[in-house]
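Biologist: I would like to learn how to read a few features in a protein model. Could you take me through them one by one?

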Amino acid sequence: GLQGLSLLSPPDTQAEATAIAMVLRDALETPGTRAALVTPDRALAGRVATELLRWGVVADDSAGEQLAETPPAVFLRLLARAVAEDFAPVALLALLKHPFAACGMAPAACRAAARKLEEACLRGPRPLEGLAGLREVAERKGAEWAPGFLARLEACLDHLLRPDASVRLAPAEHLAGLIRAAEALAGTDMISGPAVLWSNEEGETLAAHLASALDALVRLPDQAPRNLPGLLDALLEGTVVRSRRALRGRGGTEHPRVFIWGLLEARLQSVDIIVLGGLVEGVWPLATDPGPWMSRPMRLRAGLPSPEEGVGQAAHDFVMAACSAPVVVLSCPRRRDGAPAVPSRWLLRLEAFLAGRGMTLPRHPASDWAAVLDMPRDGQPTPVVPPRPCPPLTARPTRLSVTAIDTWLADPYAIYARYILRLRKLDPLEQATDAADYGSIVHAGMHKFVQLAGADWPPDAHEKLRAAMLAALAEARLRPALREWWEPRLLRIADWVAEQEAGRRSHFPTVRIGSEVEGKWLRDGFELVGRADRIEMRRDGTLALLDYKTGRLPAKGSADSGDAPQLPLEAAMAEFGAFGADFMGSAAELTYWHLSGAYVAGDARPILEGKPGELSPLIAHVSDSLDELIRDYRNPARPYLSQPHPGRMPRFSDYAQLARVAEWGGGNEPE
């Protein structure tokens with residue numbers, strides 16, 4: 001009685017889909033053999049169909065495709081979302097990168113313009129709302145081509161942009177405006193928008209469905225534009241279309257011997273090999289649920305069928321499908337949705353019946369096939385080794401900034417990727433304005449004040465500091481909420497700096513003060529460039545160098561030992577006149593100002609506090625270490641290793657993924 005019957009027990013649902021696809025693909029090796037998957041689980045059916053595409057097999061899926069997932073419906077949904085979100089970067093790019101988006105241009109030209117708009121205006125902090133915010137960013141960044149493309153886009157969306165975002169309109173008017181805007185946006189320089197949007201089976205079905213919906217929507221109350229995506233999703237929910245889109249995209253046809261059926265279709269057809277997939281409680285059979293409105297006694301008195309009748313029908317479907325083919329594979333994953341799966345009651349009863357006779361269901365080997373499908377030929381994965389790039393000397397950098405020296409010491413591979421490969425990490429879309437942007441505003445405010453005050457301490461310094469910080473904040477053109485969030489912190493910094501400045505200038509009279517002073521230092525054929533946040537020339541001829549930090553300060557030990565070389569290197573540059581004759585001399589003070597604006601608004605941390613006489617040896621040590629580093633990397637055999645020192649890991653690395661640090665460094669292993 002077990003001839004042709006086997007059990008497939010993969011570890012999870014994805015492995016189940018792969019194993020079932022391999023069973024169906026294996027059936028095609030026998031000429032004339034027809035195979036089918038029968039399951040009520042549409043997610044499993046979709047996964048199996050996708051896995052079959054690995055071998056170029058397009059299964060004949062009787063359930064069709066959800067209309068909401070077809071290209072024209074997705075295009076309309078993306079347009080509705082972009083309008084509802086006031087053209088936020090993610091929503092706008094999702095719309096412009098859809099294959100139907102053309103804006104009256106060639107589709108390739110529209111996508112190229114969308115990519116340029118992304119790089120120029122949409123990467124980084126989110127612009128202000130609407131297309132006007134994009135125009136403002138384009139103007140600020142000098143993207144002269146952007147206004148023309150934005151004007152073309154605005155003309156296409158005229159039907160949606162005409163009413164104010166706060167005006168409530170009839171849903172039928174919203175939907176009609178959405179359709180007209182989609183047609184305008186889909187039109188190319190060669191084909192009209194309606195011809196693009198409503199063609200083929202899915203376009204015809206969508207057009208008919210929306211036309212019928214327009215008549216029904218007149219009975220609904222007025223709605224705000226932000227409700228348009230939900231309205232459209234509700235209209236499309238549950239509608240199915242039998243589309244040949246997958247075949248058109250691949251230039252092929254449905255395979256005549258591979259099928260995916262639901263339970264109803266399986267009652268009427270038969271094949272040579274049948275796979276019953278998703279045999280898990282709650283899937284096959286579905287969990288019994290009387291519904292939220294009527295209890296079981298109420299259903300009985302009303303003459304409605306019992307929910308358990310569905311279990312009996314599912315049992316009938318199981319028996320009929322299991323008896324309809326000479327070869328039957330019963331599939332039940334061991335885990336589903338991350339939790340252990342309970343096998344279907346049909347499987348449990350069958351196994352209990354066989355166990356009483358000392359028998360078991362034969363195991364199908366497809367799970368073993370799936371386990372080795374993507375493994376290397378020798379069965380063992382090749383571990384990733386750390387990169388060891390050795391570029392020629394002509395390609396190695398001969399000019400670096402002071403801040404890059406710390407990176408060179410901690411992660412040479414980052415220097416290789418940035419200055420030799422010239423790779424730059426793109427800012428994320430809708431980037432949260434982080435500490436780097438906050439630090440830029442603080443630096444700009446301090447620079448404004450020092451330029452205004454100079455070495456003279458003005459009587460209204462406190463008010464001028466506050467004004468300088470607020471001016472820098474206004475120039476950043478932040479969103480109103482972020483501006484309101486940061487303004488109190490900047491004012492607290494201004495108060496702390498005013499108090500600190502009064503004490504400093506009374507104890508250390510200065511001749512001149514420089515802010516954002518740029519310098520260049522040629523060292524043995526290598527040019528070191530830097531920008532000092534602040535340099536003070538005192539009356540005794542010594543210098544004080546201050547560095548503003550809004551984030552975390554270097555560890556005290558690393559700063560005092562020279563492992564954080566930024567300030568000591570700037571001091572060495574000043575000794576050799578790299579910052580000009582006005583700021584040439586030996587350093588008597590190297591100090592970090594931690595300007596956070598938090599509960600403790602600021603803090604001053606000198607390097608080698610209490611040991612000013614040891615600054616000269618520290619500066620000489622850092623200078624000699626730089627010379628040694630330069631000579632070391634003039635050896636053509638010296639590689640640019642990624643994070644070679646375990647005790648000196650960079651806090652942030654834009655190139656850790658490129659160097660695959662998590663793989664060779666054991667980042668995926670537990671502690």
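Modeller: Let us begin with burial: a residue is buried under 20% relative accessible area, exposed over 50%, and partly exposed in between, using a 1.4 Å probe and protein chains only. This is a predicted model, where local features need pLDDT of at least 70, side-chain atom pairs count only at pLDDT 80 or more, and totals for chains, interfaces and linings use all residues. Residues are numbered from 1 along each chain as its sequence is written, and side-chain values use heavy atoms, with hydrogens and water left out.

Biologist: How many disulfides does the structure hold?

Modeller: A disulfide is a covalent bond between the sulfur atoms of two cysteines. The test here is a pair of cysteine sulfur atoms within 2.5 Å, and the structure holds zero disulfides. Cys103 is in none, and its nearest cysteine sulfur, that of Cys110, is 4.1 Å away. For Cys156, also in no disulfide, the nearest cysteine sulfur belongs to Cys103, at 4.6 Å.

Biologist: Is Cys156 buried or exposed?

Modeller: Cys156 has 8% relative accessibility, so it counts as buried. Cys103, at 2%, counts as buried too.

Biologist: Next, salt bridges. What is the idea, and which side chain does Lys425 meet in one?

Modeller: Side chains of opposite charge can pair when their charged atoms come close. The rule asks for a side-chain nitrogen of Lys or Arg within 4 Å of a carboxyl oxygen of Asp or Glu, and by this rule the count comes to 32. Lys425 meets Asp654, at 3.9 Å from N to O. The pair links distant parts of the chain, 229 residues apart: Lys425 is in the loop between helices H20 and H21, and Asp654 in the loop between H26 and H27. Helices (H or I, at least four residues) and strands (E, at least two) are DSSP runs, numbered from the N terminus. Lys425 is exposed, with a relative accessible area of 54%, while Asp654 is partly exposed at 48%.

Biologist: Are Arg534 and Glu536 buried or exposed?

Modeller: Both Arg534 and Glu536 are buried. They form a salt bridge, with the closest N and O atoms 2.8 Å apart. Arg534 and Glu536 also belong to a network of salt bridges with Glu501, Arg504, Arg538 and Glu589.

Biologist: Finally, how many aromatic pairs does the structure hold?

Modeller: Rings of Phe, Tyr and Trp (its six-membered ring) pair if their centres lie within 6.5 Å; planes under 30 degrees apart count as stacked, over 60 as edge-to-face and the rest as tilted. The structure holds 13 such pairs. Tyr633 and Tyr640 form a tilted one, 4.9 Å centre to centre with 45° between the planes. Both tyrosines are buried, and Tyr633 and Tyr640 form one aromatic cluster with Trp408, Tyr413, Tyr416 and Phe526.
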